[in-house]
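Thanks for asking me to look this one over with you.

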Amino acid sequence: MDQRRGTTAPCTSILTKYRDPRPPWYTIYPTVPDFSAAVGADDYEEWLGGLPADESVSLYFHIPFCRSMCWYCGFPTAVTRRNGPILNYLAVLRQEISLVSEQVRQGLPVSDVHFGGGTPHLIGPAEHLALMEFLRRHFAFSKTAAIAVEIDPRTFTPEMAEPLAATGVNRASIGVQSFDPDVQKAINRIQSKVQTAAAVENLRRHGVGHINFDLIFGLPKQTVQSCIQTAMAAVAMRPNRFAVFGYAHIPSVIKNQRLIEQAGLPDGDVRAEQAAAVAETLVGAGYREIGLDHFALPDDELALAQKTGRLRRNSLGYSADTCKTVIGFGASAIGRVGEGYVQNEVTRDSYARHIASGRLATSKGHRLTDDDRVRAAIIERLMCDLEADVPTICAAHEIEPARFLDSVERLVTLAEEGIVDVENGFIRVRPEHRFVVRAVAAAFDAFLANR
């Protein structure tokens with residue numbers, strides 16, 4: 001433990017060896033590349049119909065529109081200067097809500113809602129109000145439901161905050177990424193500290209009290225010092241939590257990343273230093289480390305969930321949401337029910353055609369096996385707690401732990417290198433190696449060799 005900075009110092013040699021970006025982030029398991037067309041709309045309809053009437057669910061809405069394209073972005077979005085495409089998309093979204101509500105029990109309870117994107121607040125105050133009223137007619141919202149919206153301060157106006165709060169929005173996730181002007185220019189995202197602070201103040205003034213910030217390291221022209229400066233400027237605005245992600249440069253897959261000059265990207269060693277520097281800055285400012293890449297104030301839901309062993313991992317990252325079911329709406333949205341995972345058609349046109357035909361837009365998914373469920377549970381606990389009691393997890397699924405421990409050769413290597421301690425099937429990632437926890441989780445990924 002590095003007492004001077006107040007956080008665990010990473011081992012550079014281990015970071016260098018395991019800095020390979022290919023292991024999944026394990027927000028879910030199996031991961032999306034393991035989904036197949038063998039699961040379709042018929043399966044999803046059947047699964048929705050079997051949902052318990054008294055068990056709360058979460059809803060996710062993907063709003064795939066932005067006013068400009070950030071060159072680093074890997075999410076399926078479209079740039080539009082007009083509101084027409086957004087309004088057309090909302091009409092399809094309402095149709096999908098109606099289709100889903102026909103499959104589930106009437107008055108299905110909802111405890112968590114997240115609007116992601118893209119830039120969800122581009123829907124506009126009046127349209128957002130109408131959409132929430134439409135949703136409340138089809139689902140039974142809890143009085144304490146958590147409703148979150150992702151915010152881009154560059155297009156968020158003072159007039160938007162009050163209507164959002166009036167519809168029940170109580171959490172906002174704000175994209176910051178970096179305050180370094182050179183970095184912002186290199187990624188086509190010019191966003192001042194003044195804009196960001198104004199958005200935070202405006203949201204809080206109208207009752208949206210829970211604020212999340214997203215930061216990114218590994219961006220072009222980014223330095224360790226600029227990462228620290230960004231983190232310090234962000235801390236001054238005192239968000240409740242941070243998500244700190246490493247930029248993944250894959251221009252062969254993400255076309256807009258081809259506009260980024262690869263020569264300006266930091267190498268693996270510098271990326272590791274940047275990640276450690278941001279973590280040290282945030283922990284030094286009073287934030288708790290949450291899993292791999294989140295940080296939260298001690299009284300935030302994530303910190304409390306971690307403390308009590310209730311921290312979860314879902315397609316959005318770390319969460320205190322304990323719902324077993326996530327219903328995804330919109331193009332590319334991912335859903336989770338007890339039987340497995342589903343994903344909607346990725347392109348907006350294909351998604352709209354399916355919904356217009358009166359069928360759900362499920363394009364692919366994965367039906368969970370008993371083996372999947374055990375591996376998913378082990379991976380989730382490793383990602384959330386940096387430890388996993390494999391025998392206890394296996395006992396809960398009535399499966400012998402030997403098949404998961406004796407056959408994992410990679411786990412032996414990780415133990416020999418001092419990354420993990422393994423005793424009687426209990427696996428613990430050493431604190432100084434938390435940044436390579438994905439490599440530990442990958443040891444239990446049965447699909448990884450085929451990707």
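Here are my notes, as numbered points. Please keep in mind throughout that this is a predicted model.

1. Let's begin with the inside. The largest nonpolar core has 78 residues, and the members that touch the most others are Leu59, Phe139, Phe141, Phe242 and Ile327. Helix α3, which spans residues 84–103, gives this core its largest share, with eight residues. As background, nonpolar side chains in soluble globular proteins tend to be buried together.

2. Now pick one of those core residues and look around it. Which residues does phenylalanine 141 touch, leaving out those up to four places away in sequence? Its contacts are Leu59, Val110, Val113, Met132, Leu135, Arg136 and Ile147.

3. Cysteine 323 counts as buried because its relative accessibility is 6%, and the cut-off for buried is under 20%.

4. Next, a threonine. Is threonine 230 buried or exposed? Threonine 230 is buried, at a relative accessible area of 5%. You will find threonine 230 in helix α8, which covers residues 224–235. Leaving aside residues up to four places away in sequence, threonine 230 is in contact with Val176, Gln177, Ser178, Phe179, Asp180 and Leu215.

5. Turn to the second largest pocket, which holds about 640 Å³ of space. It is lined by 25 residues, and those closest to its centre are Arg312, Arg336, Tyr341, Ala376 and Glu380. The elements that each supply at least two lining residues are β11 (312–314), β14 (334–337) and α12 (370–385). Of these, α12 gives the largest share, six residues. By type, the lining of this pocket has twelve nonpolar, five polar and eight charged residues.

6. What about enclosed spaces? Across the whole structure, four cavities of 30 Å³ or more are found. The largest cavity contains about 60 Å³ of space. Pro120, His121, Ile123, Gly124, Pro125, His128, Met160 and Leu164 line the largest cavity, and α4 (125–138) and α5 (158–166) are the elements that give two or more residues to that lining. Five of the lining residues of the largest cavity are nonpolar, three are polar and none is charged.

7. Finally, find glycine 309, in the loop between α10 (301–307) and β11. Glycine 309 is partly exposed, with a relative accessible area of 45%. Proline 251 is 58 residues away from glycine 309 along the chain, and their C-alpha atoms are separated by 38 Å.

How values were computed: Residues numbered from 1 in each chain as written. Predicted model: local features only at pLDDT ≥ 70, side-chain atom pairs only at ≥ 80, totals over all residues. Heavy atoms only, no water. Core = buried A, V, L, I, M, F, W, Y, C linked by side-chain atoms within 4.5 Å. Buried < 20%, exposed > 50% of the residue type's maximum accessible area, 1.4 Å probe, protein only. Helix = DSSP H or I, 4+ residues; strand = E, 2+ residues; numbered from the N terminus. Contact = heavy atoms within 4.5 Å. 1 Å grid on protein atoms, 1.4 Å probe; cavity = no way out; pocket = protein on both sides within 12 Å on 5 of 7 lines; lining within 4 Å. Points joined across faces, edges and corners; volume = space filled by probe spheres on them. Nonpolar A, V, L, I, M, F, W, Y, C, P; charged D, E, K, R; others polar.
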